Amino acid sequence: QVQLVETGGGLVQAGGSLRLSCAASGVVSGINAMGWYRQAPGNQRELVATVTNGGITNYADSVKGRFTISRDSAKNTVYLQMNSLKPEDTAVYYCKADGILTGIVRAYWGQGTQVTVSS
């Protein structure tokens, strides 16, 4: 099993910045990618950014140029630096880890952290 704990959410004014962190514990050796997703009220959960063990990143078009995902493999932690925040970035942000454990493809989710951007 893999456990994910997110920190760093909060309230910020438009144009401000926040940094989210997600620490993984448990059987982390099986993880091959981690990422951030978000869900606003009434909307489906959507991809924000992902990073593979090899450092390949992927971003939603809506956050390109504003958000940066990074990973510290030694700490089993993934970060999301969010700059130039907009009210439409308001959502619960979830960390996700993808991997293969005991020969089975698995996905693990954190509990989520609220990000609120005021106009």
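Strand β8 is mostly covered, with five of its six residues buried. Here buried means under 20% relative accessible area, exposed means over 50%, and partly exposed is in between, with a 1.4 Å probe and protein chains only. Strands are DSSP runs (E, at least two residues) and are numbered from the N terminus. The model is a predicted one, in which local features need pLDDT of at least 70 and side-chain atom pairs count only at pLDDT 80 or more, while totals for chains, interfaces and linings use all residues. Residues are numbered from 1 along each chain as its sequence is written, and side-chain values use heavy atoms, with hydrogens and water left out.

Two strands pair with β8. Strands pair if DSSP finds at least two bridges between them. β3 joins β8 in the antiparallel sense over six bridges, and Leu18 stands opposite Met82 of β8. β7 and β8 are also antiparallel and share six bridges, with Asp72 having Thr77 of β8 as its bridge partner. The hairpin of β7 and β8 has four residues between the strands, and Asn76 in this hairpin takes a positive phi near 50°.

The next topic is the interior. A nonpolar core is a set of buried Ala, Val, Leu, Ile, Met, Phe, Trp, Tyr and Cys residues joined through side-chain atoms within 4.5 Å. The largest such core has 31 residues, of which Leu4, Met34, Trp36, Leu80, Met82 and Tyr93 touch the most other members. At least two residues of this core come from each of β1 (2-7), β3 (18-26), β4 (31-39), β5 (46-52), β7 (67-72), β8 (77-82), β9 (91-101) and β11 (113-118). The most is given by β9, with five residues. In soluble globular proteins, nonpolar side chains tend to be buried together.

With neighbours within four places in sequence left aside, Leu80 is in contact (heavy atoms within 4.5 Å) with Leu18, Arg19, Leu20, Trp36, Val48, Ala49, Phe67, Thr68, Ile69 and Tyr93. One of these residues, Arg19, also has its charged end over the ring of Tyr79, 4.0 Å from the ring centre. A charge sits over a ring if NZ of Lys or CZ of Arg is within 6 Å of the ring centre and within 35 degrees of the ring normal.

Charged pairs come next. A salt bridge is a side-chain nitrogen of Lys or Arg within 4 Å of a carboxyl oxygen of Asp or Glu, and by this rule there are five salt bridges. In one of them, the closest N and O atoms of Asp89 and Arg38 are 2.9 Å apart. This pair links distant parts of the chain, as Asp89 belongs to the loop between β8 and β9 and Arg38 to strand β4, 51 residues apart. Asp89 is buried at a relative accessible area of 0%, and Arg38 also counts as buried at 6%. Lys64 forms a salt bridge with Asp61, where the closest N and O atoms are 3.1 Å apart; Asp61 counts as exposed at 65% relative accessibility. For Lys96 and Asp98 the closest N and O atoms are 3.4 Å apart. Lys96 is buried, at 15%, whereas Asp98 is partly exposed, at 24%. Through shared partners, salt bridges join Arg38, Glu46, Arg66 and Asp89 into one network.

Aromatic rings complete the picture. Rings of Phe, Tyr and Trp (its six-membered ring) pair if their centres lie within 6.5 Å; planes under 30 degrees apart count as stacked, over 60 as edge-to-face and the rest as tilted. The whole structure holds two aromatic pairs. Tyr37 and Trp109 are edge-to-face, at 5.1 Å centre to centre and 70° between the planes. Because Tyr37 lies in β4 and Trp109 in β10 (residues 104-109), this pair ties together parts that are 72 residues apart in sequence. Tyr37 is buried at 14% relative accessible area, while Trp109 is partly exposed at 36%. The rings of Tyr94 and Trp109 have centres 6.5 Å apart and planes at 85°, so this pair is edge-to-face. It connects Tyr94 in strand β9 with Trp109 in strand β10, 15 residues apart, and Tyr94 counts as buried at 14%. Arg45 lies over the face of Trp109, at 4.6 Å from the ring centre.
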